[in-house]
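I opened this notebook to keep track of what I looked up, entry by entry.

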Amino acid sequence: MKKILFVVCLILLFAGCGFSQKPPWLIKSSKGLETFEANFLSGAEPSVTEANFAVAVEEIKKSGDLNLLQKAWLTRMALQGAVLNEMEEGDYRQIAAAGQVPANENYYM
């Protein structure tokens with residue numbers, strides 16, 4: 001009886017820990033943003049970099065996480081500033097108006 005109880009507890013422990021997978025939108029958005037950053041900093045064609053950024057933004061929109069969406073736009077603006085380009089805020093102001101995140105405002109211009 002003790003062995004059965006031990007096995008059941010062990011199974012419940014492993015089931016409770018679970019190996020949860022990341023949602024597909026998170027994987028695609030992370031990869032899109034990383035590719036955007038790498039391409040942007042390496043001087044790739046603007047159409048290529050913007051396509052990667054668009055993929056990242058569309059995937060983040062699937063989550064409905066306005067904080068994460070704001071951070072994506074802030075990342076884009078930071079990269080533009082890092083290479084001394086004019087910073088384009090894009091949709092950042094509209095997103096910030098929908099869901100204000102004070103920590104993100106600290107990084108906005």
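**A buried residue, and the ground rules**

I began with Asn104, which is buried, at a relative accessible area of 3% (buried means under 20% relative accessible area, exposed over 50%, partly exposed in between, with a 1.4 Å probe and protein chains only). I noted that this is a predicted model, in which local features need pLDDT of at least 70 and side-chain atom pairs count only at pLDDT 80 or more, while totals for chains, interfaces and linings use all residues. Residues are numbered from 1 along each chain as its sequence is written, and side-chain values use heavy atoms, with hydrogens and water left out.

I then placed Asn104 in helix 6, residues 102–105 (helices are DSSP runs of H or I with at least four residues, strands are runs of E with at least two, and both are numbered from the N terminus). Leaving aside residues up to four places away in sequence, I found Asn104 touching Asn67, Gln70, Lys71, Leu74 and Tyr92 (contact means heavy atoms within 4.5 Å).

**The whole chain**

I counted 6 helices and 0 strands in the protein, and along the sequence I read the pattern α-α-α-α-α-α. Of its 109 residues, 27% count as buried. Among contacts with a separation of 6 or more, 47% join residues 24 or more positions apart.

**Helix 2 and its partners**

How do helix 2 and helix 3 pack? I found that helix 2 (residues 24–42) and helix 3 (residues 46–63) meet at an angle of about 155°, with their axes 8 Å apart (axes are lines fitted to C-alpha atoms, for helices over the stretch in contact, and angles run from 0 to 180 degrees between N-to-C directions). The two helices are therefore roughly antiparallel (angles under 35 degrees count as roughly parallel, over 145 as roughly antiparallel, 65 to 115 as roughly perpendicular and the rest as oblique). By class, I noted 9 nonpolar, 7 polar and 4 charged residues in the contact of helix 2 with helix 3 (Ala, Val, Leu, Ile, Met, Phe, Trp, Tyr, Cys and Pro count as nonpolar, Asp, Glu, Lys and Arg as charged, and the others, Gly among them, as polar).

I turned next to helix 2 and helix 4, whose axes come within 10 Å and cross at roughly 10°, so these two are roughly parallel to each other. On the helix 2 side, the residues in this contact include Trp25, Leu33 and Phe36, and on the helix 4 side they include Leu68, Ala72 and Leu79.

**The nonpolar core**

Which residues touch the most other members of the largest nonpolar core? Of its 17 residues, I listed Leu33, Phe36, Phe53, Leu69, Trp73 and Tyr92 (such a core is a set of buried Ala, Val, Leu, Ile, Met, Phe, Trp, Tyr and Cys residues joined through side-chain atoms within 4.5 Å). Helix 4 gives the largest share of this core, 6 residues.

**Two exposed residues**

Ala82, in helix 4, counts as exposed at 56% relative accessibility. I also looked up Leu84, in the loop between helix 4 and helix 5, which is exposed with a relative accessible area of 77% and has a positive phi near 60° although it is not glycine.
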